[in-house]
Amino acid sequence: GYGMVWYGMVVAQKSSQRVVSSIPKYSLPYTTILSQFDLSYNISSIVSTAFPRGSSSKNMTSKTSEESLSSTSPIIVHSIPGSQFVAKVLSALQHRKIPHFVKAVPLDKKQRVKVIPSGGLLVPEIKVGTGESALIVSGSENILQWIDKNFPQAQLYPKESSLASELSVRASDSKLAGFVWYYNWVNPKGFSRSILHLLRGALLPSWLSFLVPDFVLALALQSEKAKFRRQACQAIFGFEEDPALDDETRMQSILVEELMYFQSQLSPENGKLYMMSSAQPTAADFSIYPQLERLVGDKEGSSYDVGLEPALPELLEMDSLQRLWKWHSLMRQTCPVQFKGKKPPPELV
């Protein structure tokens, strides 16, 4: 529940050879070159830095009572840099000036389960306090609710309405999250812009990158693309397959309709520029913003300290969504997301 992704090539030469063996014989000139490299990252782990699959209100772990904790207990956010679900939590903590640390977890899944306190794979997860009395909360929505309950200054969910919670869950668990997966994994142009671009930089030396065509990397990711296709379809339509996924015009129309809904929650009055005409960002803003960054953000203009390529930047040209983009720019200015430079001291790990 920031997430950043994004899942084959596996760690080391053995994994490299397994991927190479899955590519057709007409690609052998490329596979011969690729097989010479020790691919020190698992593709599945690298891509998960951009699009972690689970991190919403559905995942919750609590190992202890909150009675022994206080607002001064150290908070450690377990993170994969760039995850939109982790960004949801970090932007809220940073904007409300709540002290916290950020621990980047290993990309290798076998190592990751040893580091994430619950023994799981998904981020974000927070650990509050130390020792046996520490509290563990998993999932971005659960974490925001815990923050709201334990820090009076947070006020992430205005008490007069349940709309902030509804919008937050809708952004992280439903169509918008599904479209982030769709445009980064299923849609060919978006896939090339984001995932393939990310993998080229992470897996291949710069002098080799331009020699390897997109289809070679795409073939190595066939199974992961299929998984994200099912996941996107489930989030958008409620089941795992629909022919609409192959109709980009229809898909963009459904996405724009969803974005128009979120835009309808913006009615700037008396300087109240955030969702639900709030004077400050709420859980709704912190949930919608990082999802949009994965669609229309860019390295230069992003408030993230981790650069990721957007999948659908042309959405910014739509006149009908200009109020939403104005709000998006405001979030960039007021809610920067810092993944780096917050390493916890050894005694807290």
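Tutor: Start with the surface. The accessible area of the protein is about 15,000 Å², with 53% of that belonging to carbon and sulfur atoms. This is a predicted model.

Student: Why is the contact between Glu314 and Arg193 called a salt bridge?

Tutor: The N to O distance between the two side chains is 2.8 Å. The cut-off is within 4 Å, so the pair qualifies. Glu314 sits in the loop between α14 and α15 and Arg193 in helix α9, so the bridge ties together parts 121 residues apart in sequence.

Student: What makes Glu314 partly exposed?

Tutor: Its relative accessible area is 28%. Buried needs under 20% and exposed over 50%, so Glu314 falls in between. Arg193 is also at 28%, and is partly exposed.

Student: What about Lys227 and Glu224: how do you know that they form a salt bridge?

Tutor: Their N to O distance is 3.2 Å. The limit is 4 Å, so the label holds. Both lie in helix α12, 3 residues apart, or about one helical turn.

Student: Why does Glu224 count as buried?

Tutor: Glu224 has 7% relative accessibility. Lys227, at 33%, is partly exposed.

Student: Which label, buried or exposed, goes to Arg229, and which to Asp246?

Tutor: Arg229 is at 18% and counts as buried. Asp246 is at 61%, hence exposed. Their side chains meet in a salt bridge at 3.2 Å, N to O. Arg229, Asp246 and Glu241 are linked in a network of salt bridges.

Technical notes
Residues numbered from 1 in each chain as written. Predicted model: local features only at pLDDT ≥ 70, side-chain atom pairs only at ≥ 80, totals over all residues. Heavy atoms only, no water. Areas by Shrake-Rupley, 256 points an atom, 1.4 Å probe, with all protein chains shown as cover. Helix = DSSP H or I, 4+ residues; strand = E, 2+ residues; numbered from the N terminus. Buried < 20%, exposed > 50% of the residue type's maximum accessible area, 1.4 Å probe, protein only.
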